[in-house]
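User: I have a structure open and want to learn how to read its features. Can you take me through some of them?

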Amino acid sequence: MNYRKLGKTGFNISEVSLGTWQVGGRWGEPFNEVNAARIINKAIDQGVNFIDTADVYSNGESEAVVAKVVKSRSEEIYIATKCGRQIQPHTNEGYTPEKLISYVEASLKNMKLETLDLLQLHCPPTEVYRRPEIFETFDKLKEQGKIRNLGVSVEMVDEALMAMLYPNVTTVQVIFNLFRLKPSEKFFAAAKENDCGIIVRVPLASGLLTGKMSKGTQFGVDDHRHFNRNGEAFDKGETFSGVNFDLGLEAVEELKQLFAGQEPLAAWALRWVLMFPEVSTVIPGASKPEQVDSNIKASGLPALSEEQMQGVRQVYDRYIKPSVHQLW
């Protein structure tokens with residue numbers, strides 16, 4: 001495992017870490033604490049020292065099991081969680097300092113912690129980024145010793161740029177993958193200038209970039225890949241990175257040829273993300289321990305060639321860019 005600096009936090013974290021949106025099992029299935037603990041322990045065994053969760057993942061069960069496992073280990077493991085998505089309807093008006101403080105305190109209680117290593121706003125509406133009082137709230141929480149750092153998880157590049165105008169924002173979590181190239185154009189340079197850590201989520205485009213899906217692939221009714229194709233429940237960019245499923249399958253076939261070899265496409269998709277030095281870490285998820293092993297392989301793969309990097313751009317320009325690029 002290789003390690004990179006997480007911006008102004010000063011944390012030295014694993015370049016391949018663990019996201020826990022579906023860590024308790026497959027999408028739509030009941031949370032399985034035993035399975036979740038196996039996955040988290042497997043990741044730590046492989047050198048992962050940064051785990052990302054959120055208060056809404058499995059109604060707090062993800063947070064709880066992450067903290068429980070971390071406390072059972074001797075290694076120093078950094079936990080990042082998020083708040084804000086409990087606000088329903090999820091509007092700018094719903095964001096108040098009082099609510100956010102209550103969410104932070106609830107996470108601390110749920111995880112039986114005194115301090116959170118990193119607390120991130122969970123994809124708030126764009127208008128929230130224009131409200132200094134929201135960001136000042138976390139300075140007070142830091143003074144009280146309840147959080148060490150503030151970060152944001154964003155949907156759009158413009159939101160990332162707005163967030164970094166606040167000096168206390170130490171990290172930005174963003175969707176970046178073979179089907180979502182826009183962040184690398186302007187945001188990455190700005191993050192480097194601001195010493196802001198970049199956490200890459202949805203690196204496999206909800207599994208589309210594993211290369212294992214086909215037109216016949218079926219998803220359970222409680223799986224967001226079934227019910228959120230057009231953003232019915234939340235931003236559609238979180239599902240297949242907003243890419244039309246059938247079009248994505250066509251692009252994946254070309255990517256398979258570009259990365260033909262012994263390792264699966266998923267590993268190369270993660271290695272591609274790590275080609276960008278501005279990225280602090282990538283946080284693929286896992287619903288079973290074996291997937292952790294597959295994800296970790298990316299850290300040991302050789303660098304992509306210039307031909308491969310150009311090939312990715314060509315596939316993106318041909319299949320993905322016209323319908324996706326301007327949206328996020």
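User: Start with helix packing. Which hand does the crossing of H3 and H4 have?

Analyst: The model is predicted, so keep that in mind throughout. Two packed helices are described by the angle between their axes and by the distance between those axes. The crossing of H3 and H4 is right-handed. H3 covers residues 97-111 and H4 covers residues 132-143. Their axes lie 10 Å apart, at an angle of about 40°. H3 and H4 are therefore oblique to each other.

User: Which residues make the contact between H3 and H4?

Analyst: From H3, Pro97, Leu100, Ile101 and Val104. From H4, Glu133, Ile134, Thr137, Phe138 and Leu141. Sorted by class, the contact of H3 with H4 has seven nonpolar residues, one polar and one charged.

User: How do H2 and H3 cross?

Analyst: Helix H2 spans residues 61-72. The axes of H2 and H3 come within 8 Å and cross at roughly 50°. H2 and H3 are therefore oblique to each other. The hand of the H2 and H3 crossing is right-handed. H2 brings Glu63, Ala64, Ala67 and Lys71 to the contact, and H3 brings Ser107, Asn110 and Met111. By class, that gives three nonpolar, two polar and two charged residues for H2 with H3.

User: On to cysteines. How many disulfides are there?

Analyst: A disulfide needs two cysteine sulfur atoms within 2.5 Å. The count here is zero. Cys83 is in no disulfide, and the nearest cysteine sulfur, that of Cys123, is 12 Å away. Cys123 is in no disulfide either; for Cys123 the nearest cysteine sulfur is that of Cys83.

User: Is Cys83 buried or exposed? And Cys123, buried or exposed?

Analyst: Cys83 counts as buried, at 0% relative accessibility. Cys123 is buried too, with a relative accessible area of 6%.

User: Now the backbone. Where is the cis peptide bond?

Analyst: Look at omega. The cis peptide bond joins Gln88 and Pro89, with omega about -5°. Pro89 sits in the loop between strand E5 (78-83) and H3.

User: What is phi at Ala205, and what is phi at Ser206?

Analyst: Ala205 has a positive phi of about 50° although it is not a glycine. Ser206, a residue other than glycine, has a positive phi near 60°. Ala205 belongs to the loop between E9 and helix H7 (224-227). Ser206 is also found in the loop between E9 and H7. Ala205 counts as buried at 0% relative accessibility, and Ser206 counts as buried at 14%.

User: Last topic: sequence against space. How many residues apart in sequence are Glu29 and Asp223?

Analyst: Take both separations together. Glu29 and Asp223 are 194 residues apart in sequence. In space, C-alpha to C-alpha, the two are 8.6 Å apart. Glu29 lies in the loop between strand E3 (18-19) and helix H1 (33-45). Glu29 is partly exposed, with a relative accessible area of 47%.

How values were computed: Residues numbered from 1 in each chain as written. Predicted model: local features only at pLDDT ≥ 70, side-chain atom pairs only at ≥ 80, totals over all residues. Heavy atoms only, no water. Buried < 20%, exposed > 50% of the residue type's maximum accessible area, 1.4 Å probe, protein only. Axes fitted to C-alpha atoms, helices over the stretch in contact; angles between N-to-C directions. Helix = DSSP H or I, 4+ residues; strand = E, 2+ residues; numbered from the N terminus. Parallel < 35°, antiparallel > 145°, perpendicular 65-115°, else oblique. Left-handed = near helix turned anticlockwise from the far one by under 90°. Contact = heavy atoms within 4.5 Å. Nonpolar A, V, L, I, M, F, W, Y, C, P; charged D, E, K, R; others polar.
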